[in-house]
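Biologist: Could you take me through this structure, beginning with a loop and then moving on to the overall fold?

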Amino acid sequence: MASSGLEKPDFASAIAAATDQRGVSLSELSNGQRTLVVFLRHSGCTFCREALADLGVNRAKIEATGTKIALVHLSSEADIVPFVEKYGVADLPRFSD
């Protein structure tokens, strides 16, 4: 089979390369502790809005268990900020995919 020239990174390399809005990698963030990674599509997605509303309500309970929360989204940083602010989770680490 011919190679397409596009090599997929292994998991460890991918999470080391993914950095949040503060420059912290997903690997660093999750190293040594549980991390709930929430994947979001876009601000118009009903399920994404529901997930963020649930996170806003249950965040303290989740974090009380020692679990960090990280968001992975498809939006630009400028577009995601007002969306996450609406649900009170703008300070969570955000990774743009």
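**A conversation about the model**

Modeller: This is a predicted model. Ser 25 sits in the loop that runs between H1 and helix H2 (26-30).

Biologist: Is Ser 25 buried or exposed?

Modeller: Ser 25 is buried, since its relative accessible area is 5%, and the limit for buried is under 20%.

Biologist: What is Ser 25 in contact with, leaving aside its neighbours within four places in sequence?

Modeller: Ser 25 is then in contact with Ile 15, Ala 16, Ala 18, Thr 19 and Phe 95.

Biologist: And Gly 23, where does that lie?

Modeller: Gly 23 also belongs to the loop between H1 and H2. With a relative accessibility of 47%, Gly 23 counts as partly exposed. Gly 23 and Arg 49 are 26 residues apart in sequence, and their C-alpha atoms are 25 Å apart in space.

Biologist: Let us step back. How many helices and strands does the protein chain have?

Modeller: The protein chain has four helices and three strands. Along the sequence they follow the pattern α-α-β-α-β-α-β. The C-alpha atoms fill a box of roughly 50 × 35 × 25 Å along the principal axes.

Biologist: What share of the 97 residues is buried?

Modeller: Buried residues make up 29% of the 97 residues. As for contacts with a separation of 6 or more, 62% of them join residues 24 or more positions apart.

Biologist: In what order do the strands form the sheet?

Modeller: The three strands form an open sheet in the order E1-E2-E3, with parallel pairing. E1 and strand E3 (94-96) are the edge strands, each pairing on one side only. Neighbouring strands of the sheet are turned by 25° against each other on average, direction ignored.

Biologist: Over how many bridges do E1 and E2 pair?

Modeller: E1 and E2 pair over five bridges, in the parallel sense. Thr 35 has Lys 68 of E2 as its bridge partner, and Val 37 stands opposite Ala 70 in E2.

Biologist: Which helices pack on the sheet?

Modeller: H3 packs on the sheet and touches E1 and E2, its direction making about 155° with that of E2. H4 packs on the sheet as well, touching E2 and E3, and its direction makes about 145° with that of E3.

Biologist: Why is E2 said to be largely enclosed by the rest of the structure?

Modeller: Five of the six residues of E2 are buried, so E2 is largely enclosed by the rest of the structure.

Biologist: What about Leu 36, where is its place?

Modeller: Leu 36 is in strand E1, which covers residues 35-39. Leu 36 is partly exposed, at a relative accessible area of 33%.

Biologist: Which residues does Leu 36 touch, not counting those up to four places away in sequence?

Modeller: On that basis, Leu 36 touches Leu 55, Ile 62, Thr 67, Lys 68, Ile 69 and Ala 70. Leu 36 and Ile 69 are 33 residues apart in sequence, yet 4.8 Å apart in space from C-alpha to C-alpha.

Biologist: Now to the largest nonpolar core. Which of its residues touch the most other members?

Modeller: This core has 14 residues, and Leu 52, Leu 55, Leu 71 and Val 89 touch the most other members. Helix H3 (46-64), strand E2 (68-73) and helix H4 (77-86) are the elements that give two or more residues to the core. Apart from it lies another core, of six residues, including Ile 15, Leu 29, Ala 70 and Phe 95. In soluble globular proteins, nonpolar side chains tend to be buried together.

Biologist: And which residues does Leu 71 touch?

Modeller: Not counting residues up to four places away in sequence, Leu 71 touches Val 38, Leu 40, Leu 52, Leu 55, Val 84, Val 89, Leu 92, Pro 93, Arg 94 and Phe 95.

Biologist: One last topic: what is the volume of the largest pocket, and which residues line it?

Modeller: The largest pocket has a volume of about 170 Å³. Its lining consists of Ala 14, Ile 15, Ala 18, Thr 19, Leu 26, Phe 39, Val 72, Phe 95, Ser 96 and Asp 97. Helix H1 (11-17) and E3 are the elements that give two or more residues to this lining.

Technical notes
Residues are numbered from 1 along each chain as its sequence is written. This is a predicted model: local features need pLDDT of at least 70, side-chain atom pairs count only at pLDDT 80 or more; totals for chains, interfaces and linings use all residues. Side-chain values use heavy atoms; hydrogens and water are left out. A nonpolar core is a set of buried Ala, Val, Leu, Ile, Met, Phe, Trp, Tyr and Cys residues joined through side-chain atoms within 4.5 Å. Buried means under 20% relative accessible area, exposed over 50%, partly exposed in between (1.4 Å probe, protein chains only). Contact means heavy atoms within 4.5 Å. Two strands pair if DSSP finds at least two bridges between them. Axes are lines fitted to C-alpha atoms, for helices over the stretch in contact, and angles run from 0 to 180 degrees between N-to-C directions. On a 1 Å grid over the protein atoms alone, a cavity is a set of points where a 1.4 Å probe fits but cannot get out, and a pocket is an open set with protein on both sides within 12 Å along at least five of seven lines; lining residues have an atom within 4 Å of a point. Grid points are joined across faces, edges and corners, and a volume is the space filled by probe spheres set on the points.
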